[in-house]
Amino acid sequence: MTDAFTALTQLLTPSVLIYMMVGVLVGFVIGVLPGLSGTMAIAILTPVTFWLDPADGFGMLIGVWNSAIFAGGVSAILINTPGTPASFMQTLDGYALYKQGRGGLALGVNVIYSAFGGILSILALSVFAFPIARFAIKFGPTEYFMLAVFGLGMMITIAGENLLKGVVMGVAGMLLATIGLDPMLGTKRFTLGQPQLLNGISYIAVMIGMFGIAEVLYQIYTKRHTIDRQEEQKKDEILKIGRVLPNWKEVKQLARPTLISSAIAIVVGAIPAAGGDVATIIAWGQGRKTSKHPEEYGRGSLEGLAIASCANNGVIGGALTTMLTLGVPGDTISAILIGALTMYGMTPGVKMFTENVGFIYKIIWLSLFANIAFLIFGLLTAKLTARVLKIKSEIVWVLVCVFCVVGSFAIKNSYMDVLTMFAAAVIGFFCKKYSFPLAPFILGMILSSMAESNFRRALILSHGSFSIFFARPVTVVLMALVVFIFVRPMAVKFLKKSRAEKRPGN
């Protein structure tokens, strides 16, 4: 407690707080712009912090990290385009809420529960750092493979009534992800002799195209065929009667699912290379299965949005846990932060807890400050941000297109990503027109590589024997959950059919 109090007093200085607030503002701008991820911002700012005091520099980096992830949900809600990869699942319910006239409430839920998940994860870091890290380090290729398959099983949940179309889109996404270099052998696969395809197809560029430009094309198409004069009046009404804060009844309803979502995110965040996108997929799918109103998920569920928001920032504490205690990055950003700590003369791992205990507490305090800072900032600016709703559709379309082009180019400074984004936009438009769900396609792209590489690693370790997948308890548990995911829809359909046949008059 003495070390924690000392660290707190050392951080309560104008320079630390100013640099942290600068980080929060930069993170907000970066997070809102589609394609410009927090990873990019931290990678650029890390060399700059070399000339700052470690507390000032790390405070700015922590501010960027926490704020960028929350801000990604803002564009997901307002323009149906995830600002960051982790905010992908927020498009499913956030944008639907906006179209229902509850855009202000969606923005409020996003910032409140992003901070809620982030704060809980930091508290978990301070209490359960070593147990979580010891659990995560035991994960081998079989656990990673089943975790990826578990996530892929969510395509059934996301697809809803369009089950066959959802599976087709998911498989198509998985096949597209195989383009590039073989993850195990390094040989070329489906590159068509184009060196630009050696690194594969960027799922971020695809995501921007499918959820950004495709949405613009679809809105232009529907507006030409269905002129709704009440739409503009509806936007004005949203701003007049909209509210940002959830009421007490909604808070009570969201308490249990968001606590579960935060717990899932903390554990997933502690697993190296899993990240916020995997955490939100698992948490959202789990929430839908246990919800009293699963039919609302993907159609404007406040619960679904809150769960995804919690999971987004909830991974940070878990990622920091493995980074600080084991020196193993929980995600890409924590990998960059390891470099920052090394630059400051510190070595993440056991030495951090023996030689730099004070700085461990500083990181914990800085993370709590950052969550509180973006919570206040997000709530104060939510109404202002919601003014985007009043802009004419034509202006929004132009701005979305500009941001999408800039964001897709900025991923790797590659025109190939821009072309990929436009191609994905065309595909996304026709998918929307013919009711093919887009979410399973992105899901397949994100998890395909993780599933393939770990499946092959497991078979190499077992010399080709599939028995390795039944030899580890965690793998068996995940396998059982996967079977449940696939069997449950068929069982529910069979039971409904049986009950309908037994009703009188049938």
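Modeller: Let's begin at N312, which is in contact (heavy atoms within 4.5 Å) with I69, A86, S87, Q90 and T280, once neighbours within four places in sequence are set aside. Before going on, please keep in mind that this is a predicted model, where local features need pLDDT of at least 70 and side-chain atom pairs count only at pLDDT 80 or more, while totals for chains, interfaces and linings use all residues. Residues are numbered from 1 along each chain as its sequence is written, and side-chain values use heavy atoms, with hydrogens and water left out.

N312 belongs to helix α14, which covers residues 302–326; helices (H or I, at least four residues) and strands (E, at least two) are DSSP runs numbered from the N terminus. With a relative accessible area of 0%, N312 is buried. Here buried means under 20% relative accessible area, exposed over 50%, and partly exposed in between, using a 1.4 Å probe and protein chains only. One of the contacts of N312 is also polar: its side chain meets the side chain of Q90 at 2.5 Å. A polar contact is a pair of N or O atoms within 3.5 Å; within protein, one must be able to donate a hydrogen and the other to accept it, and residues adjacent in sequence count only if both atoms are side-chain atoms. N312 also shows how the chain folds back on itself: G117 is 195 residues away in sequence, yet the two C-alpha atoms are 7.6 Å apart.

The buried ones are Q90, T91, L92, D93, G94, Y95, A96, L97 and Y98. After α5 comes G101, with a positive phi near 90°.

Now for the nonpolar interior. A nonpolar core is a set of buried Ala, Val, Leu, Ile, Met, Phe, Trp, Tyr and Cys residues joined through side-chain atoms within 4.5 Å. The largest such core holds 75 residues, and F58, W65, L320, L337 and L341 touch the most other members. Helix α4 supplies the largest share of this core, twelve residues. L320 is in contact with W65, I122, L125, I363 and S367, leaving out neighbours within four places in sequence. Another core of 51 residues lies apart from the largest one, and its members include I282, I307, F441 and A451.

A cavity is a set of points on a 1 Å grid over the protein atoms alone where a 1.4 Å probe fits but cannot get out, and its lining residues have an atom within 4 Å of a point. Around the largest cavity stand F28, F70, V74, L107, N110, V111, G378, T381, A382 and T385.

The side chain of T142 makes a polar contact with that of E143 at 3.0 Å. Beyond four places in sequence, T142 is in contact with A458, I468, F469, R472 and T475. M146, also in α7, is buried at 5% and touches T475, L478, M479 and V482, again not counting residues up to four places away. M146 and V482 are 336 residues apart along the chain, with 8.0 Å between their C-alpha atoms.

Finally, the loops. S435, between α19 (415–433) and α20 (439–461), is partly exposed at 41%, and its phi is positive, near 60°. H463, in the loop between α20 and α21 (473–502), is exposed at 76% and also has a positive phi near 60°. Most residues other than glycine have a negative phi.

How values were computed:
On a 1 Å grid over the protein atoms alone, a cavity is a set of points where a 1.4 Å probe fits but cannot get out, and a pocket is an open set with protein on both sides within 12 Å along at least five of seven lines; lining residues have an atom within 4 Å of a point.
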